[in-house]
Amino acid sequence: SEWQLAGFEGIPLQDYARNGDDILALRYKADSCFLLLSHDGGQTYEDITSSDLIVNDPRNHNVMIRLVQHPDDPNTLLVLSNIWGIYRSTDFGQTWCKLTGDYLTIGSFVGYHPARPEIIYNSGEDDIFEPVINISYDNGQTWDYIYPFWTGDNMAYQIAFNPSNPDRWIFGAYGNMCTTNDNGHTWSLCELNQDARRSSWRQTAYDSDNSNIVYTVSSGKIMCSADDGDSWLTPQTVEAANGGVYDFKQYGDKLLLFTTTDVYEASKAELLTQSSVQDVKHDDAEGSSETYDLQGRRITLPSNGIFIKNGKKVVVK
């Protein structure tokens, strides 16, 4: 309900990483001064952009668009250039080495598999604007191009990993949600209704308490699944967020929705209650027989209420 400045006053930031009292911040859309290091929470800072990150090419702007931190080693970081690929630092940003060739174009994502950090992914689009994922299964030594099986002007957005099943990944695209059950080697398209197919699903995350529930947001809508992404409930428009929803975080039983100007909150329970199940083919015999309440909690003996079973709402009287 109240916000106050924490540091880096007047500096637009893209990402940051923390290691004890040190904060390394990535400047937003800078083309030469990328990285600012602070030892006092952002009150004072210095430019530590390594010369290894500066590419002198007058034809292209050298913009770093992502900064991510290793899930187990806070000194190990990745940054992603819009055109020059992925760089890694093992000393909290003092020195960098390049991990990849010049793979993906602007607007892509980079990250570690949270349970298997030897797996590094880079999702986005290729030079002819088709969705592509670039994955390393050996900590960046070798890379594989993984092309989802549709073509055309599109992008593979940020990947979410099931915390209970590390082989299960999900990502969104324009008009599509995609899943894999084999660590990214093969992918399947989810069935979405027409409303969902008119949106770009940019950010996706599993529920912090229930790995069967997944959330995803587009520029002005939010959508959820109650069966690990196999089927998706009808998207809900965020009426108050006129500027569009671009990211979200979980806070207890709420979702914090970030726009370009404000932060809004949404109840997880209300999101599930207000959504209606899309008309898709779904064989109950092939699905899970487990039942959940509208807060995503598993129910052994449901009675008197509305519940989620096999991705569908059921009424128990």
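**Terms and values**

Guide: Strand 20 (236-237), strand 23 (263-267) and helix 1 (268-274) each contribute at least two residues to the lining of the second largest pocket. This is a predicted model, in which local features need pLDDT of at least 70 and side-chain atom pairs count only at pLDDT 80 or more, while totals for chains, interfaces and linings use all residues. Residues are numbered from 1 along each chain as its sequence is written, and side-chain values use heavy atoms, leaving out hydrogens and water.

Visitor: Which element supplies the largest share of that lining?

Guide: Strand 23 does, with four residues. Strands are DSSP runs of E of at least two residues, and helices are runs of H or I of at least four, numbered from the N terminus.

Visitor: Why is H113 called buried?

Guide: Buried means under 20% relative accessible area, with a 1.4 Å probe and protein chains only. H113 has 1% relative accessibility, so H113 counts as buried. Its place is in the loop between strand 9 (109-112) and strand 10 (120-125).

Visitor: What makes the pair H113 and W169 a polar contact?

Guide: A polar contact is a pair of N or O atoms within 3.5 Å; within protein, one must be able to donate a hydrogen and the other to accept it, and residues adjacent in sequence count only if both atoms are side-chain atoms. The side chains of H113 and W169 are joined by such a contact of 3.5 Å.

Note on methods: Buried means under 20% relative accessible area, exposed over 50%, partly exposed in between (1.4 Å probe, protein chains only).
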